[in-house]
Amino acid sequence: MAKRFSFTASTDRLYRYFFAYSGLRSTATDLGGGTIIHSWIPKTHKPTKPTLLLIHGFGANAMWQYGDLLRHLLPHYNLYVPDLLFFGQSHTSAPDRSEAFQAKCLMKLMEVHGVVGKVSLVGISYGGFVGYSMAAQFPASVERVVVCCTGVCLEERDMGEGLFRVANLEEAARILLPQTVEKLRELMKLSFVRPARGVPSFILSDFIHVMCTDHLKEKRELIQEILKDRKLSDLPKINQQTLIIWGEQDQIFPLELGHRLKRHIGGNAELVIIKNAGHALNLEKPKEFTKHLKAFLLDSLTAK
């Protein structure tokens, strides 16, 4: 019996061809302790170029979130694009589910691949939690920081006080880890100001089957760890130059958290608000997102 065509799997393969064609190679790196990180790294690391780490959020894998940025950034940077633990082909037998542990793994990944000198980073949503933790833990190694729609300043009490559209962690997990077409449509409505209409249910079902069914237990634990005992007073203040990008109508992490983060970091942070954009602003407003990203990252290169 012939296999059913999968639009999602075919798209994933196209991304793989594109990343390889662009000059990156796929590698699985054993960090020890039962931890394997899959990442896309330069086929040839050029010492004359600075290094940029792209950290994805919840979703399919790193390729799906950063594919459109490669042509803008590859001419200027050695790009490293990892899959976080329990996404793509990355996994660990360690019990730690904190963003601090994810951050340590990414720093070790860079060390294993011989990356020396400072690294700049971009983190989208959950990836911003990890990136912020890297900047806090390794200030001597992290140069510039971009966080996009990253609710790193949230507190556990925010959910009880009604800041979020969801009432509890269980409902948040059901939406962020959709297992039904209805929940995936709900996630799309929360992530976009103008979600795509008329997407056939079989396409959404195929996406869930290919991208949303692995490591469910571990991913739920990642979500739980984000909120557990979280207080703004415990969040370290980073000193790197930081660009905060936020969708004006973000329904996952409301804009209030962007203003809160700007106040927390202080003068080294710039907050850019993109109008008519939601949580998935990198997909909904790619030109504006890329414009602000390039201005912050590339202008710093020409200024040196």
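1. Let's start with His 209, which counts as exposed because its relative accessibility is 53%, and the cut-off for exposed is over 50%. Keep in mind while reading that this is a predicted model. His 209 sits in helix H9, which covers residues 201-211. Its C-alpha atom is 8.2 Å from that of Gln 179, although 30 residues separate His 209 and Gln 179 in sequence.

2. Helix H1 (residues 7-21) packs against H9 with the axes 7 Å apart and an angle of about 60°. H1 and H9 are therefore oblique to each other. On the H1 side the residues involved are Phe 7, Thr 8, Ala 9 and Asp 12, and on the H9 side they are Ile 203, Asp 206, Phe 207, Val 210 and Met 211. Sorted by class, that contact between H1 and H9 comes to 6 nonpolar, 1 polar and 2 charged residues.

3. His 215 lies in the loop between H9 and H10. This residue is not a glycine, yet its phi is positive, at about 55°. As a reminder, most residues other than glycine have a negative phi. With a relative accessible area of 28%, His 215 is partly exposed.

4. You'll find Ser 125 in the loop between strand S6 (119-124) and H5. Is Ser 125 buried or exposed? Its relative accessibility is 11%, so Ser 125 counts as buried.

5. The crossing of H4 past H5 is right-handed. H4 brings Glu 99, Ala 100, Gln 102, Ala 103, Lys 104, Leu 106 and Met 107 to the contact, and H5 brings Tyr 126, Phe 129, Val 130, Ser 133, Met 134 and Gln 137.

6. Now for H7 and H10. How do the axes of helix H7 (residues 169-176) and helix H10 (residues 216-227) cross? They come within 10 Å of each other, at an angle of roughly 135°. That makes H7 oblique to H10. The H7 and H10 crossing is right-handed. Leu 169, Glu 170, Ala 173 and Leu 176 make the contact from H7, while Arg 220, Ile 223, Gln 224 and Leu 227 make it from H10. The contact of H7 with H10 has 5 nonpolar, 1 polar and 2 charged residues.

7. Staying with H7, which of its residues are buried? They are Glu 171, Ala 172, Ala 173 and Ile 175. The cover over these buried residues of H7 includes H10 and helix H8 (181-191). Ala 173 is also one of the residues through which H7 touches H10.

8. Arg 260 deserves a check when you open the model. It is found in helix H11 (residues 256-265). Although charged by class, Arg 260 is buried, with a relative accessible area of 12%. Apart from neighbours within four places in sequence, its contacts are Cys 153, Leu 154, Glu 155, Asp 158, Leu 163 and Leu 232.

9. Pro 236 is in the loop between H10 and strand S8 (242-247). Setting aside neighbours within four places in sequence, Pro 236 is in contact with Tyr 132, Ala 136 and His 264. Pro 236 and Pro 47 lie 189 residues apart along the chain, with 31 Å between their C-alpha atoms.

10. Finally, the annotation. From the record, UniProt places the feature "domain: AB hydrolase-1" at residues 50-286, in an unreviewed entry. Over residues 50-286 the chain is 41% helix and 16% strand. The C-alpha atoms at the ends of that stretch are 23 Å apart.

Definitions and conventions:
Residues are numbered from 1 along each chain as its sequence is written. This is a predicted model: local features need pLDDT of at least 70, side-chain atom pairs count only at pLDDT 80 or more; totals for chains, interfaces and linings use all residues. Side-chain values use heavy atoms; hydrogens and water are left out. UniProt positions are given in the numbering used here, feature names are shortened, and annotations may be inferred rather than shown by experiment. Helices (H or I, at least four residues) and strands (E, at least two) are DSSP runs, numbered from the N terminus. Axes are lines fitted to C-alpha atoms, for helices over the stretch in contact, and angles run from 0 to 180 degrees between N-to-C directions. Angles under 35 degrees count as roughly parallel, over 145 as roughly antiparallel, 65 to 115 as roughly perpendicular and the rest as oblique. A crossing is left-handed if the near helix is turned anticlockwise from the far one by less than a right angle, and right-handed if clockwise. Contact means heavy atoms within 4.5 Å. Buried means under 20% relative accessible area, exposed over 50%, partly exposed in between (1.4 Å probe, protein chains only).
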